[in-house]
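Here's a quick briefing on one protein model and the molecule it holds. Take a look at it first, then read on.

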Amino acid sequence: MPEFNHQPVLLAEVLSALRPGPGGRFADGTLGGAGHAAAILAASSPTGWLYGCDRDGVAVEVAKKRLAEKFGGRFDVRRGNYSELAEWVPERSCDGVLLDLGVSSPQVDTPERGFSFQQDGPLDMRMDDRQTLTAADLVNGESAEALAKIFWEYGGERESRRFARALAHDRESRKFATTRQLAKLIERLAPRAGKKAHPATKVFQALRIAVNDEIGSLRAGLEAAVKLLKPGGRLAVITFHSLEDRVVKEFGRARSRDYTFPGPVDVPELREPRVPDLKWVERKAIRPGAEELRMNPRARSAQLRVLERVGAE
Ligand SMILES: C[S@@+](CC[C@H](N)C(=O)[O-])C[C@H]1O[C@@H](n2cnc3c(N)ncnc32)[C@H](O)[C@@H]1O
């Protein structure tokens, strides 16, 4: 099995949000290297239980092996999308659910997975290799307009149209097959001069989100996660960019309000009462402290939001 090193982010904060203790039941929808999962099982010894999944087959194998070494018989780990958790985890059975979104370090650091613009690899970006759609399919097959929309909506790339037009022009002579080929095109269009981030950062993020339908999974996953929670149980979500964070924030706001409104705008006269099923544990997002950022620069954009299920047993 290849080396698999992922430093869990905001670990102490996740534990204090989920409060694992003996006999507690938890679900981790994004197991990765099982860093958070192992800490949850350790803190809920000797009788705590964990349901876990990841859509990445390598992560699932690593997580199973790591958890089995210390916590044999106290977990059920399956490969799959966290949006499907409610199909196999009993409803209202969990004291806490964790979603630690985005990619793991081994995914980014393995060039063959095609997530990195720093190292050369196939233009792939699939978290789940059973899926057929790859980044190369989007880059070579979508219209310039559709690609510009992806770069803008999922990457916030201001040059989305210019990049997409240039890409559509270049692929007429040679299809895009590798990560460096795409990164070089963006470097040519937007030289780095003094900028901190690589110019292809946003384009790569946008393609990754599109290939893996990350926003669709997140919306469905939040709904699923709430179904798993007992009243008083908590949902902890770690996001890594503003688009994800906005989805979590809007979900929390809508579910913690005591009214709904038809359409996209809240018109007070049209409000209808509803019983909220969630409340915020903290109003503000929790961010890594200076010490964690020093030890793990990849935590720099992480934000944790915590919601609690309310309502009768
Ligand atoms: C940031 S890593 C999680 C790291 C983990 N918490 C740890 O301590 O090692 C994110 C993981 O979520 C997985 N993932 C992302 N979206 C997913 C989804 N919709 N369903 C299941 N797993 C997903 C990725 O494959 C990746 O392994």
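This is a predicted model: local features need pLDDT of at least 70, side-chain atom pairs count only at pLDDT 80 or more; totals for chains, interfaces and linings use all residues.

Residues are numbered from 1 along each chain as its sequence is written, and side-chain values use heavy atoms, with hydrogens and water left out.

**Around the ligand**
- The ligand has 24 residues around it, and H36, D54, Y82, D100 and Q107 come nearest (near means a heavy atom within 4 Å).
- That shell is made up of seven nonpolar, 13 polar and four charged residues.

- G33 has a polar backbone atom 3.0 Å from an oxygen atom of the ligand.
- For R55, a backbone N or O atom lies 3.2 Å from a ligand nitrogen.
- T30 also brings a backbone N or O atom to 3.5 Å from a nitrogen atom of the ligand.
- On its own the ligand has 610 Å² of accessible area, and the protein covers 99% of that (Shrake-Rupley method, 1.4 Å probe).

**The largest pocket**
- Its volume is about 1600 Å³.
- There are 46 lining residues, with F117, T201, Q205, R300 and S301 nearest the centre.
- By class, the lining of the largest pocket has 16 nonpolar, 17 polar and 13 charged residues.
- Helix α9 gives the largest share of that lining, five residues.

Conventions. A polar contact is a pair of N or O atoms within 3.5 Å; within protein, one must be able to donate a hydrogen and the other to accept it, and residues adjacent in sequence count only if both atoms are side-chain atoms. Ala, Val, Leu, Ile, Met, Phe, Trp, Tyr, Cys and Pro count as nonpolar, Asp, Glu, Lys and Arg as charged, and the others, Gly among them, as polar. On a 1 Å grid over the protein atoms alone, a cavity is a set of points where a 1.4 Å probe fits but cannot get out, and a pocket is an open set with protein on both sides within 12 Å along at least five of seven lines; lining residues have an atom within 4 Å of a point. Grid points are joined across faces, edges and corners, and a volume is the space filled by probe spheres set on the points. Helices (H or I, at least four residues) and strands (E, at least two) are DSSP runs, numbered from the N terminus.
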